[in-house]
Amino acid sequence: MRETMWSGERPLNGNASPRGYLEEKGFWAWAYTLDHKRIGVMYLYTTLFFFLVGGVFALLIRIKLMFPGQHIFTNQTYNVMFTMHGALMIFLFIIPAIPSGLGNFFIPLQIGARDVAFPRLNLMSYWVFVAGIVVILFSLVRPMDTGWTFYTPYSARTSADVTVLSFGIFLIGMSSILTGLNFLVTIHKLRAPGMTWHRMPLFIWSMYATSIIQVLATPVVGITFLLLAMERVLGVGFFDPAKGGDPILFQHFFWFYSHPVVYVMILPAMGIISEVIPVFSRKPIFGYKAIAYSSVAIALFGFFVWGHHMFVTGMSGTAAIIFSLLTYSVAIPTAIKVFNWLATMYRGSITFESPMLYALTFIFLFVVGGLTGMYLGALGADIHVHDTYFIVAHFHYTMVGGTVMGLLAGLHFWFPKMTGRMLGEKMARPAWLLMFIGFNVTFFTQFILGFEGMPRRYAEYPAQYQALNIVSTVGSWVLATGVLIMFANFVRGLFRGAPAPPNPWKALSLDWQTGSPPPTENFREIPTVTDWPYGYAGRQT
Amino acid sequence: MKEHGPGNVGYIAVWAALVVLTAATVAVSYVHLGMMNIVVALLIASVKASLVALFFMHLRRESRLVWGFALTPVFFLVLIIAGTLSDTLFR
């Protein structure tokens, strides 16, 4: 089998400077840049910063929950803590991190383009994102205590700054729409000659599906927040039954966005896993078309199932049964991906560098998260465990065990390409191990707590739940230690890492065929693509 | 693109149709039809939006890809209405 996917000159980077796109220095060179790689890096720094801030909130919540009773901070402060943990992690980290960060950096590189279709729109999208962050910070004057879901009627009458925070998220959503639109046009119009749809890397397929959701779903939550603001400021009764409104209508609108958006979080991570597994198994990806189309299927089916968040709200029984049945449909394309990844690894020459460790962790934890999602999609079982720690454990297994592990697989995989330096494996492995152990100790216990009936979001709990809460909190410390070691390794790699060759993992996709770091124009000449990027034929020595 | 357009007369005709339909919306609102009032109003609004998209936004002469991007959101609009009605109609 041929181990190239392009014809023409090689290497593709030509006479790039050794520092590539990082050559130009200074604040303005970054703030005004139109280079998709620099914008991607700015998104990564911003989102990873909020990952750490959200993580601090999480640690404080866990410390509070070690003991029942009011201590350390008040119950009201606790409400603010879990709201900020949820809102920051979701809107400022987990939604934008992979699409806007790694997607910005690697979509043009992987399809053989010099930039995204609309570079100025891309820069605007970043600064709109920053404007959203600033507005969110203003809301801390009267901090939010509604939980990240803003449910009416409480959100319509609390004295907290719901309007300000939701306007900040409105801006973040606008940034998300602009990025999704940019990526859709880029993938349609800027693919290198010869790169047909079935020769695109699977990361591109997953980003395409993600962008569709961003463009179609995000406007709905934006409008919902506007309606909420109109209710709060002008007294229009959209959601207030006393004025002819319907509080459950808010939840329909909210989840019409917020359920599809969990696939904005997970699909790009799945794309990264589809890139990492063939490289470290030295085998062609198994079931390329099945994985590609399952991304689009997940994006589509994800729009049909929002009602499963509302089974106990007083929604009609008919609707609950329809939504419960439809929920199962999402499991099919997800399982297709998992089986194809396993088949790719079967009899491969697997090596366990850090990107592969994170990719395997993704599969393991995401299967737990996905299958417990089936418990919750089943109407009867959901009524038993709704609003308990079972839900908390389920979505942390999908979002941390899934998306964050996928992001970390991508960061470890592409670190040499982005920075021109290698990451130290000696520190990466213990960091991974601590995170893996810490994560499972923290969140598996919460499955048990949930099944035993401990409700989520309460600051108080009966003493019978304390033992498992202590275990969970200690687990969060192990997890945090792993995260800190990993970040220390990133910093060390940035300054002291060994210079990275253009293609340290001997991968075939176009992003690896240019310099590390890539030159500003990505490729000296746009390559002509002749094959798919997965033609691996055994380990290269 | 002017040479392929319906021309000034065509645009004025479309505008006139929009004015007539607006008047129809106002007129129908005075007739008591129960639930059908909303249905009729939405139908007229959909026809008006289609006229604007087809003629003023030139969708009529666009490629199939652009048609795809224009019609996909309509499907999702129908979806959110149908899903919400599956709740409110059967409570």
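Analyst: Let's start with how helices are read: axes are lines fitted to C-alpha atoms, for helices over the stretch in contact, and angles run from 0 to 180 degrees between N-to-C directions. This is a predicted model, where local features need pLDDT of at least 70 and side-chain atom pairs pLDDT 80 or more, while totals for chains, interfaces and linings use all residues. Residues are numbered from 1 along each chain as written, with chains lettered from A and ligands numbered from 1 in written order.

User: At what angle do α13 and α15 of chain A cross?

Analyst: Helices are DSSP runs (H or I, at least four residues; strands are E, at least two), numbered from the N terminus. In chain A, the axes of α13 (residues 354-377) and α15 (residues 389-419) come within 8 Å and cross at roughly 160 degrees. That makes α13(A) roughly antiparallel to α15(A) (under 35 degrees is roughly parallel, over 145 roughly antiparallel, 65 to 115 roughly perpendicular, the rest oblique).

User: Which residue classes make up the contact of α13(A) with α15(A)?

Analyst: Contact means C-beta atoms, placed from the backbone, within 7 Å. Here there are 14 nonpolar, twelve polar and no charged residues (Ala, Val, Leu, Ile, Met, Phe, Trp, Tyr, Cys and Pro are nonpolar; Asp, Glu, Lys and Arg charged; the others, Gly among them, polar).

User: And how do α4(A) and α8(A) cross?

Analyst: The axes of α4 (residues 97-111) and α8 (residues 202-234) of chain A come within 10 Å, crossing at roughly 130 degrees, which makes α4(A) oblique to α8(A). Among the contact residues are A:F106 of α4(A) and A:M207 of α8(A).

User: How many residues of chain B touch chain A?

Analyst: Ten, in contact with twelve residues of chain A.

Notes: Contact = placed C-beta atoms within 7 Å.
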